[in-house]
Each structure stands twice: as C-alpha cells, then as structure tokens.
Amino acid sequence: MTPRWAGKCEACGGWNTIVEEAPRDEVPKGLSGKAGRRIDFVGLEGQAAPLPRLITAIAELDRVCGGGLVPGSALLVGGDPGIGKSTLLLQAAASLSRGSAVAYISGEEAVDQVRMRAQRLGLAKAGVRLASATSLRDIIATLDGGDSPGVVVIDSIQTVYADSIDSAPGTVSQVRACAHELIRLAKRRGFVLFLVGHVTKEGTIAGPRVLEHMVDTVLYFEGDRGHHFRILRAVKNRFGATDEIGVFEMTDRGLAEVANPSALFLAERRGNVAGSCVYAGMEGTRPMLVEIQALVAPSTLSSPRRAVVGWDSSRLSMVLAVLDARCGLALSGNDVYLNVAGGLRIAEPAADLAVAAALVSSASDTPVAADMVVFGEVGLSGEVRAVAQTDSRLKEAAKLGFAQALVPASLRKGRTHPAGNGLAIQPIGHLQDVLGLFRRGQ
Ligand code: TYD
Ligand code: MG
C-alpha cells in the first residue's frame, strides 16, 4: 500500500512496477452493471450417466486413458522428439478410424512423409483423413465445418500458430492460445482432441508443461533411445487413475503392445551373478518385475563415485547410510553403481530392500538366488517396512516361475498369503538379516 503515486517500489526497488488496485469495498469494474444469475446447488448423490468411451483397441493406450477416450476431452501426449509419439498416434488413429471419423493434422511432416510411415506400419488402407496444416484459423474453420470428425490429432501443438498473435509458433503465448481455441472447439463439437507436445529443454520454446492445466488428460511417452521399449504414463487424468502405465516395444513395424512387461524386463537377465536382484514392483495397478544391478568396487578416488540409473540417488545414499550405521557394512571407500536393467525408472520406496540386497550381494560377491524376488521399504533405523499390494507382487512372481520371496516381516502379522502361489516366503525384519543371509551363503 502506498498513499500516493509512486514510481519506485519501496519493497523491491523496481521502477514502474506498482499497479493500482480498487479498494475492497468497491464493486470491481468487471462486474458493474448487470446482476448475476443465481447458481443452483445440488447434492453429491444423484444420477450421473456413465461416460461413453471410444475404444482404440490398443489395450495399453485404452487402459492408461482410464478405459478408452471420452468424447469432448483433450489429451496431451508429451515426450522427447523421436520417442514415437507420431507413430503411436498414427496407429491409434488408424484403429479408431474403424468406428469414427478421424482427422490427423500434421504440422511437422508433409503428407508424403506421414503416408510413408503409414505404409511402413501397414496402415495405408485405414480411413484416416490426413492433412498437413499449421494455421489455427484454417484448422478451426475446417473442424468447425459441417461434419466434424469424432477424433482429431494435432501433431504437434508447437507447429500451430494463430495469425492474430505476433510471436513465433512454439512460444508460450502461441501454444497456449492455439491449444485454448482447439480445446474449446473440441468441447463444443464433442470430438476427442489429441495434442502432441514435444518436451523441450528450458528456453523460449514452450513445452507441454504450459498446457497441462488446460487439458483433461496428460500422457507422457518415455523411454530410452537405446532401448526398444516405451512407457506411456498418465500424469493427469480427469477420467481415470493417474498411476497407470502402458508398455510398448518399438519394432520395425511400429509400436507393439507388451502385455507381459515383467518377462520383457527380465529377458536378458543372467542368473547367479553377484549384485543382481529381482525387484517385485508395482506400476499403478500392475505388478512389474525388474532386475536391479549393483556394482560395488574399491575406489581410488578421495570421494568415491555414486552413479545411479533408474532410481533416486538420494534414496541410494540413504540405503548406504543405513547399511553403514545400522548394519556395520561400510561402503564409503567403494565406488557404487546402481542400475535398473532395461531402462525403467523406479519411484517406489518398496525397492529399498531389493537395492540393499543387490548392494550386499555385490559387496560380498555372493549371488542372490536366481529364483528369488525382493521387495520392502527400509526405514532409517534399518527396519524393513511393509508395502502396499503385496499379493499382486507375489502373484506376478509366482506366475513368472520364481520360487522364493524376501519380504517385510510385518507381513506375517494378520495377513494371509495368497494360497497356492507356491512361493517360499522369507520374512525380513531388519536389514541386518539380509547381511546374515549372505554370510550364510543363503
Ligand atoms: P516418431 O513417432 O516420429 O517420434 P516423435 O513423433 O515422438 O518425434 O518416431 C520416430 C522414431 O521411431 C524413429 O527414430 C524411428 C522409429 N520407428 C521405428 O523404429 N519403427 C517404426 O515402424 C517407425 C514408424 C518408427
Ligand atoms: Mg512426430
């Protein structure tokens, strides 16, 4: 508050930064004149029609979207350039074109390029309406015409521009304005709108982040260029759960669904190697077994290396500190490398115990049994804590032929293990017990 005109802000020292605001008790200018209409409130209980859904028939995509696509909704598909967004959406478009009219508008590639991709994917015969366009005005005019399609793909939103805005395509103001208009049209005409957005490094180009709050669903397509598999992850979904993932494999004929990801992630595992341990993890509602690899080697550096791929490095520091302080296993003179095989990223604390087992296994040069899975959270005093969805984890392990499971001891209490899965359960109460296992050579 300043009682009179001021050119310089006393608080921050900035010039011309003070803005005049009307006092509280005045009617704000924007609302003067007409009175508003009263809004009717209703109870939370009542009839809500189930949402109709368009099914893409790509099961991994449908599941991540919460069981199909909701007409009138907008989905943002983000990801690094070259990760496979266009491929995925062309495949989805082709599949959807069997039931609805689908328009694929590419601003990145010429019509011929998209046609060549369609041919390679064996989708050239699909009834997708293809166009190469970047002018928002033309796109809106076309989609708002007589028979608007049921599904529209805009590849990518960074290439679309509104001629009423001065800045270049891909800038925050362009991306926001174009997305806003397209989303409004989608709601009005009731079509499903896919917006492709490249994830970009910080800079003047707007990445998908500026759009996240505008759309109904945000999907990120992730993966390592060096690996074949790709993960489609829902980070926001107004019509479904957000912790679902879809797993795909990039083949020479496009993206193939991976119905059994555990088998894929464990495919190249060699049993009986010290430092390797199979973690029974969860991704959303899906159990997923992955191999965690650790390498502990004597270091010549004054501050030894800690390198982590696919896991949180501060979590690794914590497990190392607990092993040191609570179990007497000091690795401070060693380089420690940790790798989640296959390029998957794990975020669950439930992987702590598996990481610890891999570390101890490598440090003691004793392999973890090849038919064993491990999961459990490790607390700061070294206690092993129970984790959620134990049954799903154990069932998946049994399904893939594992015979033993190293699990938190607290599971024993009041919990029954699913009968008939045939796993020998080894309860672990404290991280110290893991060291005991390796000393005995298991
Ligand atoms: P693309 O869908 O163009 O990526 P984005 O739209 O996210 O930029 O995918 C490009 C990559 O995918 C490219 O490196 C080649 C590879 N690819 C295949 O391996 N097999 C295929 O059948 C297709 C169409 C692409
Ligand atoms: Mg593309």
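Trainee: Where does Ala354 lie in this model?

Mentor: The model is a predicted one. Ala354 belongs to helix H8.

Trainee: Is Ala354 buried or exposed?

Mentor: Burial is read from relative accessible area, and a residue counts as buried under 20%. Ala354 has a relative accessibility of 0%, so it is buried.

Trainee: Which residues are in contact with Ala354, apart from its neighbours within four places in sequence?

Mentor: They are Cys277, Tyr279, Ile292 and Val374. Take Ile292 from that list: the C-alpha atoms of Ala354 and Ile292 are 7.2 Å apart, although 62 residues separate the two in sequence. For the protein as a whole, consider contacts between residues at least 6 apart in sequence; 68% of these join residues at least 24 apart.

Trainee: How is the packing of two helices described?

Mentor: Two values are used, the angle between the axes and the distance between them. For H8 (residues 352-364) and H10 (residues 431-439), the angle is about 35° and the axes are 10 Å apart. The crossing of these two helices is right-handed.

Trainee: Which residues of H8 and H10 meet?

Mentor: From H8 come Leu353, Ala356, Ala357, Val360, Ser361 and Ser364, and from H10 come Leu431, Val434, Leu435 and Phe438. Eight residues of this contact are nonpolar, two are polar and none is charged.

Trainee: Which residues of H10 are buried?

Mentor: Leu431, Val434, Leu435, Leu437 and Phe438 are the buried residues of H10. They lie on the same side of H10, because the arc they cover around the axis is only 150°. The elements that cover them include H8, helix H7 (313-327) and strands S15 (377-378), S16 (384-385), S17 (404-408) and S18 (424-428).

Trainee: Which value does phi take in Asp365, and in Gln389?

Mentor: Phi of Asp365 is near 55°, which is positive in a residue other than glycine. Gln389 is likewise a residue other than glycine with a positive phi, near 55°. Asp365 is in the loop between H8 and strand S14 (372-374), while Gln389 is in the loop between S16 and H9. Asp365 has a relative accessible area of 63% and is therefore exposed; Gln389, at 35%, is partly exposed.

Trainee: Where is Glu396 found, and is Glu396 buried or exposed?

Mentor: Glu396 is in helix H9 (residues 390-399). Its relative accessible area is 7%, so Glu396 is buried. Beyond its neighbours within four places in sequence, Glu396 contacts Asn260, Ser262, Pro287 and Leu289.

Trainee: How is the protein divided into domains?

Mentor: Domain 1 covers 59-259 and domain 2 covers 264-439. Their centres, taken over C-alpha atoms, are 38 Å apart. In the contact between them, 14 residues of domain 1 meet eleven residues of domain 2.

Trainee: How many helices and strands are there in the protein?

Mentor: There are ten helices and 18 strands. Of the 442 residues, 46% count as buried.

Definitions and conventions
Residues are numbered from 1 along each chain as its sequence is written. Chains are lettered from A and ligands numbered from 1 in the order in which they are written. This is a predicted model: local features need pLDDT of at least 70, side-chain atom pairs count only at pLDDT 80 or more; totals for chains, interfaces and linings use all residues. Side-chain values use heavy atoms; hydrogens and water are left out. Axes are lines fitted to C-alpha atoms, for helices over the stretch in contact, and angles run from 0 to 180 degrees between N-to-C directions. Helices (H or I, at least four residues) and strands (E, at least two) are DSSP runs, numbered from the N terminus. A crossing is left-handed if the near helix is turned anticlockwise from the far one by less than a right angle, and right-handed if clockwise. Contact means heavy atoms within 4.5 Å. Ala, Val, Leu, Ile, Met, Phe, Trp, Tyr, Cys and Pro count as nonpolar, Asp, Glu, Lys and Arg as charged, and the others, Gly among them, as polar. Buried means under 20% relative accessible area, exposed over 50%, partly exposed in between (1.4 Å probe, protein chains only). The arc is that of the directions from the helix axis to the C-beta atoms. Domain bounds come from an automatic or database domain assignment.
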